[in-house]
Amino acid sequence: MTHDVIAEAARRRTFAIISHPDAGKTTLTEKFLLYGGALTGAGSVKARSGGRAAASDWMELEQKRGISISSTALQFPYRDAAVNLLDTPGHRDFSEDTYRVLAACDAAIMVLDAAKGIEPQTLKLFEVCRERRMPLLTFFNKWDRPGREILELLDEIEQLLGIPATPVTWPVGIAGDFRGVVDRRDGTYTRYTRVARGAQIAPEEEVEPARAAAEEGDAWTTAQEELELLHEIGADLDVASFRRNESTPAFFGSALTNFGVAKLLDAVIDLVPPPTDRPTADGGTRPIDAPFSGFVFKVQANMDPAHRDRIAFLRVCSGRFERGMVVTHDRTGKPFATKYAATLFGQDRSTVEEAYPGDVIGLVNATDVRVGDALYDPTGPPVSFPPIPSFAPEHFMTARVRDTGRFKQFRRGVAQLDEEGVVQVLRDRDLGDQAPVLAAVGRLQFEVAVHRLEHEFGAPTELSATSYRVARRTDETSETELRRMRGVAVLQRADGTRFALFESPYWLERVEQDHPDLLLERLVAEGTAG
Ligand code: G4P
């Protein structure tokens, strides 16, 4: 049994793809599924969510915006591994979900558009990875199109992210004239052939250097010169530093034409660390072969309002999960039945019978369960995991119920959304529940909140802008003095955390300079980019 768990965990690779919108995350996801044999023709992931009839208001909102709000976890086999690809919401706006999904991953792939390089959201997501010391692979996508200079792109990573990129593959042919890649680990050259729309696996051929030189001409010579240069500067793959987020192995390819996709997926299997013992809240670790445990990283309510269901997504941290087992919920100490456990493939649910460390399961009817909670097998020692950090909100709106007769519903709805982490709810000591400030990492969170308050809780809500732009964590001691200042508000979250809100970063800076004694703590992953 223990042996099973260790062997199964060792096969798991759990990661997410992070990117700026349009860099190719969806396309790459599809191609991974294609290479994993989970799709017969690429294009299904998009078609699936786009073409589906509205099953609920919730989905209606998703469709209206043409985005997928719900994160999904895809599992597919590749080589001997079980690959768990966690989908971070792929829209222009940001939300805390993205961060939480990353907390459940062991690594991430950063997809960059080779014509654009590092874009604002990539930078922001990178900050989260760095904070967590999460291993990061880099994929330069769209090499089939004209793009930027290769050395400039590599340099940009080092400049903006502060860690070197170590190219594992190297393209033959400039961006827009992409022939294939040289694998720097053994020097082999893989040449690809395009197939229509990249709907099938790209035919590839290993070509000997002499033949490559004859057939690829200048493109080959240039690639060889560049490889020589790389060798001299020593930008070689270093697995240990990759695992500490101190360097990022880089790959070149085109998700659209499938060039380089297999090399990248192979790297996920070969380089991404499998799940290991997990740090616990008490400072210890939970061995992967301990009895079952996992933590909830996302709660999604009312995907289907007819059933009023609530799915808690849990990452398995130790042991074997078996559907139907009764587990203990760490926060309440209550038993929790797992009769309705599901895995998700795209938007489709299917029942999961067992799961191992690294896997994600969706627990239906998880009424009391919140983000960060642990569930564990009561036959083993109890466990709690460190809280998932909530991130510095960057947008603040005041919420008021439109019809005061619906105040009770409003209060209940706001409390629920707060608990689920749809938005952070901050209250003024004097205004309390009448006019809470909703704080979010991305504006879309507000739209979701208002939609749900109206349709799910029957409390039509009005949001009005506030003048606050930046938040810092503060404490009771600093509160009194901060409250006396103009342009500063101190609000409190339900968990007791106090936030000082400032009207501008400039104003914050002034206060910091003039009052070094005040606690104004910066929060994780904040304001690195727009
Ligand atoms: P995202 O999830 O990161 O937002 O990006 P997505 O995969 O949707 O890709 C954004 C656009 O870039 C899509 O074009 C997609 O086809 C294109 N694309 C992705 N990878 C590559 C690549 O390797 N090479 C080239 N040339 N294009 C790529 P679109 O026109 O917006 O959508 P579609 O009509 O093609 O689906």
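Is Phe-502 buried or exposed, and what is its relative accessible area? Phe-502 is buried, with a relative accessible area of 0%. The structure discussed here is a predicted model.

## Strand β30 and Phe-502

Phe-502 belongs to strand β30, which covers residues 498–502. Its C-alpha atom is separated by 8.3 Å from that of Arg-472, a residue 30 positions away along the chain.

## The ligand site

The shell around the ligand holds 17 residues, and the nearest of them are Asp-22, Lys-25, Thr-26, Thr-27 and Asp-144. By residue type, the shell divides into six charged, seven polar and four nonpolar residues. Helix α2, residues 25–35, gives the most to this shell, with three residues.

A polar backbone atom of Gly-24 lies 3.0 Å from a ligand oxygen, and a polar backbone atom of Lys-25 lies 2.8 Å from a ligand oxygen. From Lys-142, an N or O atom in the side chain is 3.0 Å from an oxygen atom of the ligand. The ligand taken alone exposes 700 Å², of which the protein buries 67%.

## Asn-141 in strand β5

Asn-141 is part of strand β5, residues 136–141. This residue is buried, at a relative accessible area of 3%, which is under the 20% cut-off for that class. The side chain of Asn-141 reaches the backbone oxygen of Ala-23 at a distance of 2.8 Å.

## Helix α7

Helix α7 runs over residues 150–161, twelve in number.

The buried residues in α7 are Ile-150, Leu-153, Leu-154, Glu-156, Ile-157 and Leu-161. Because they cover an arc of only 155° around the axis, they sit on the same side of α7. An α-helix has 3.6 residues a turn, so residues three or four places apart point the same way. Just after α7, Gly-162 takes a positive phi of about 75°.

Helix α11, residues 261–271, is mostly covered, with nine of its eleven residues buried. The buried residues are Val-261, Ala-262, Lys-263, Leu-264, Leu-265, Ala-267, Val-268, Ile-269 and Leu-271.

In helix α14, residues 476–484, the buried residues are Ser-478, Glu-479 and Leu-482. Seen down the axis of α14, these fall within an arc of 115°, and therefore they line one face of the helix. Glu-476, Thr-477 and Arg-484 are exposed, on the face of α14 turned away from the buried side.

## Arg-443 in a loop

Arg-443 is placed in the loop between β26 (437–440) and α13 (444–455). Its relative accessible area is 46%, so the residue counts as partly exposed; the class covers values between the 20% limit for buried and the 50% limit for exposed.

Two relations tie Arg-443 to another part of the chain. The C-alpha atoms of Arg-443 and Glu-394 are separated by 8.9 Å, although these residues are 49 apart along the chain. The side chain of Arg-443 also makes a polar contact of 3.5 Å with the side chain of His-395.

Key: Residues numbered from 1 in each chain as written. Predicted model: local features only at pLDDT ≥ 70, side-chain atom pairs only at ≥ 80, totals over all residues. Heavy atoms only, no water. Near = heavy atom within 4 Å. Polar contact = N/O pair within 3.5 Å; in protein donor to acceptor, adjacent residues only side chain to side chain. Areas by Shrake-Rupley, 256 points an atom, 1.4 Å probe, with all protein chains shown as cover. Helix = DSSP H or I, 4+ residues; strand = E, 2+ residues; numbered from the N terminus. Nonpolar A, V, L, I, M, F, W, Y, C, P; charged D, E, K, R; others polar. Expected span 1.5 Å × (residues − 1). Buried < 20%, exposed > 50% of the residue type's maximum accessible area, 1.4 Å probe, protein only. Arc of directions from axis to C-beta.
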